[in-house]
Amino acid sequence: MTNPSTPDLAVLATEAKALYEKLEALWADEGVEQLEIFLDPDIVSVLAEIKELSLDFVRRVAEMDTGY
């Protein structure tokens, strides 16, 4: 039996697709590359990893049902 408070896979995948697009837009506007001139290289490295991990995870969730 499905918990009514839990979104189904199609809804979750659709939300992930929208989030992926939003994250890509945010990273494009204030991306790691632009921040390199202001921040310590170690911080830039952490931000780059956060960017890659989050985009990869959200992309995988988006692909679960929509074939995005």
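Predicted model: local features only at pLDDT ≥ 70, side-chain atom pairs only at ≥ 80, totals over all residues.
**Exercise 1. The overall layout**

Work out how many helices and strands the chain has, and what share of its residues is buried.

*Solution.* Start with the secondary structure: the chain has three helices and zero strands. Following the sequence gives the pattern α-α-α. Next, turn to burial: of the 68 residues in the chain, 19% are buried. Finally, look at the contacts: among those with a separation of 6 or more, 68% join residues 24 or more positions apart.

**Exercise 2. The buried face of H1**

Find which residues of H1 are buried and where they lie around the helix axis.

*Solution.* First take the helix itself: H1 has 21 residues and spans 30 Å between its first and last C-alpha, close to the 30 Å expected at 1.5 Å a residue. Its buried residues are Ala13, Ala16, Tyr20, Leu23 and Trp27. Now look down the axis: these buried residues fall within an arc of 80°, so they line one face of H1. Leu12 also lies in H1. With a relative accessible area of 37%, Leu12 is partly exposed, because buried requires under 20%.

**Exercise 3. The largest nonpolar core**

Name the residues of the largest nonpolar core and the elements that give two or more of them.

*Solution.* List the members: Ala16, Tyr20, Leu23, Trp27, Leu55, Val58, Val61 and Ala62, eight residues in all. Then assign the elements: helix H1 (9-29) and helix H3 (41-66) each give two or more residues to this core. For one distance to check, take Leu12 and Val61: they are 49 residues apart along the chain, and their C-alpha atoms are separated by 7.5 Å.

Note on methods
Residues numbered from 1 in each chain as written. Heavy atoms only, no water. Core = buried A, V, L, I, M, F, W, Y, C linked by side-chain atoms within 4.5 Å. Buried < 20%, exposed > 50% of the residue type's maximum accessible area, 1.4 Å probe, protein only. Helix = DSSP H or I, 4+ residues; strand = E, 2+ residues; numbered from the N terminus. Expected span 1.5 Å × (residues − 1). Arc of directions from axis to C-beta. Contact = heavy atoms within 4.5 Å.
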